[in-house]
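Student: Could you take me through this model feature by feature, giving the general idea before the particular case?

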Amino acid sequence: MASPRNEGFLTQDQREKLRIAVQNAETLSLASPRSPTGGSTSALLQQYEQQQQRPAAASAAARGGGGGVRHVRRAHSGKTIKVKKDGAGGKGTWGKLIDTDTDACLDRNDPNYDSDEEPYELVEAPVSTPVDDYKKSVVPIIEEYFSTGDVKLAASDLKELGYDDFHHYFVKKLVSMAMDRHDKEKEMASVLLSSLYGDVINSTQIRLGFVMLLEAVDDLAVDILDVVDVLALFIARAVVDDILPPAFLSREKVSLSESSKGMQVVQIAEKSYLSAPHHAELLERRWGGSTNTTVDAVKRRITDLLKEYIKNGDTAEACRCIRELAVPFFHHEVVKRALTLGMESPTADALIVKLLKEASEECLISSSQMMKGFSRVVDSLDDLSLDIPSAKSQFQTLVSKAVSEGWLDSSFIHLGANGDAQDDEHRKLRRYKREAVSMIHEYFLSDDVPELIRSLKELGSPEYNPIFIKKLITIAMDRKNSEKEMASVLLSSLCMELFSTEDIVKGFIMLLESAEDTALDILDASDELGLFLARAVIDDVLAPLNLDEISSNLPPNCSGAETLNMARSLSSARHGGERLLRCWGGGTGWAVEDTKDKIAKLLEEYESGGDVGEACNCIRELHMPFFNHEVVKKALVMAMEKKTERILDLLQECFGEGIITINQMTKGFTRVRDGLDDLALDIPDAREKFMSYVEHANKSGWLLPSFSVAMSA
């Protein structure tokens, strides 16, 4: 047994520690590429135990030979190798238990893998500028605003960004995002810009934002096809909302290229939108109105703000509330309700005068809106007098004060100012208008022309015939195409039965004079009125020369001149009548050749023994009164060919019932007269027969006097 002092002796506790250390070393060596593949823990311990069990003699001999050789190990080859004193080993040795001198390779599949042990690699990251941060931050603000419509929240979020000098990027982003969305978002964008102006975004930032948009139009056009027109609308709306000065357009013309889309935007905004009559009202309503509230809701808000003003007398606050309504085209309602409240409460009279004067001097309520408001009160004075006996005298006092102080145009004339005679005339006119509107609505439901003509005759007042025409066409313009067609048919019938050409000319003059006001309620009123004028020419209700007469009676700078030019072009175009019929559906919308065939068949059926009443119904059901001259022509030719006068009885019946007008009858005879030479080839006595028909027509009053003069010449 070895001596306890033997250097190789290990206690049981030391042996256990060695075993644990060796096991830990094996675990580490498995993860190292330099780990030996042939060794194992059991083999290592066995080798160590063998060394400890060597004979004591060998150990003593080693000591007797001058001391043992320290740090000597034998390789598997049997060679003796000196190793480092720190026990790290050398070539062919195990090395330290934890070898820190070699590069470790991390295995990502190892259960003990820790990513923090990976060597760090520096990656170059882009540097974010304040402008980039601002651009990224405004996008969610805009998206949230489009979702909630909360102007105050958007303003608060924009202020919190803290980059006041970058707000022109917000203007550009807001408008460019809205242009690619629905009308609702476009209107919301305009409202937001108007609300932020002054408090959050100054005028310079607004201007720079739109300048950037003009410069980027070519790029925006790739994704937004109608960007030119939409951006022109935004700029025009900004000018109307007073957040862009009108001079902005002229300044930008200088800097933009003539061939650029930006120049097109400026030109459209200036010429198409800002030069149109009542452009402010039209632009406010182009995308649905600033608040999309109903008329009744606006009226309630007007009433509430006026009552509040009468209580506190704060004129500045009342003007601010009127401005916040954002309905400048409806300010006449403010005037009307203010005047009514002033007459209902004499103590509020002075306050109302002060408010209206202040609103006029600040250009908050325009002179035209002021005039219109006073005119509406005139129309309701009779009803007001039932509740306010002194309404007329109070109103007259208000008018005198307004004119003397300069906030009501002196051209305003109260219809009741010149005595009871004019007051009676006014009541009579109002009664006629009510009756006329009622008859027109009933006609659109029944389509009964004779009944309407009978009602008009019973109503009397032929001096108001032009007013009936104005009411008829104005109501029809705001209805469907079927009602527009019915209005034209009725106008043609009235021309024959009841109304003179002078009445119709005056009616259209009144329509053209009020076209700008009508356009506030009917956006395409100008185009619709042009179609009615052209259709009247085609139906022989008006002669082409009557259009010149209407033009000469219009006031200077009237927008009706363009409508007249449109009517001339439509009526003089090739196949103008057929196209005008189809634009409103024209009953059945048949082609001309189909209509000619139907006319020929119904005349043949009548000539072979048909009923005259049935034939008249068939002609009426064609719904082509402007083409009835074809019925006259074919009837006369058939009478010549068949040598029968029975067909003339049909023409007499149609003329008597107003189905074929005198103009259409004359036009049919004229067409036969112009084709007599060709007819004579097949009908030798065509000229003699035609002259006998003309004589019969003159006796029956079918033809215009001008036709007889032309025949005698």
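**Cores and helix packing**

Tutor: Leaving aside residues up to four places away in sequence, F234 touches V175, A178, M179, K186, A189, S190, F210 and W287, where contact means heavy atoms within 4.5 Å. This is a predicted model, in which local features need pLDDT of at least 70 and side-chain atom pairs count only at pLDDT 80 or more, whereas totals for chains, interfaces and linings use all residues. Residues are numbered from 1 along each chain as its sequence is written, and side-chain values use heavy atoms, with hydrogens and water left out.

Student: Which residues touch the most other members of the largest nonpolar core?

Tutor: In soluble globular proteins, nonpolar side chains tend to be buried together. A nonpolar core here is a set of buried Ala, Val, Leu, Ile, Met, Phe, Trp, Tyr and Cys residues joined through side-chain atoms within 4.5 Å, with buried meaning under 20% relative accessible area, exposed over 50% and partly exposed in between (1.4 Å probe, protein chains only). The largest such core has 59 residues, of which F170, M179, F210, L231, F234 and I235 touch the most other members. Its largest share, twelve residues, comes from helix 10 (residues 227-240), helices being DSSP runs of H or I with at least four residues, numbered from the N terminus. Another core, of 48 residues, lies apart from it and includes Y432, L456, L459 and L547.

Student: At what angle do helix 4 and helix 6 pack?

Tutor: Two packed helices are described by the angle between their axes and the distance between the axes. Axes are lines fitted to C-alpha atoms over the stretch in contact, and angles run from 0 to 180 degrees between N-to-C directions. Helix 4 (residues 130-148) and helix 6 (residues 167-179) pack at about 45 degrees, with their axes 10 Å apart. They are therefore oblique to each other, since angles under 35 degrees count as roughly parallel, over 145 as roughly antiparallel, 65 to 115 as roughly perpendicular and the rest as oblique. In this pair, V131, Y134, K135, V138, V139, I142, E143 and F146 of helix 4 meet H167, Y169, F170, K173, L174, M177 and A178 of helix 6.

Student: Is D242 buried or exposed?

Tutor: D242 is exposed, with a relative accessible area of 58%, and lies in the loop between helix 10 and helix 11 (247-255). D242 and S203 are 39 residues apart in sequence, and their C-alpha atoms are 9.9 Å apart in space.

How values were computed:
Helices (H or I, at least four residues) and strands (E, at least two) are DSSP runs, numbered from the N terminus.
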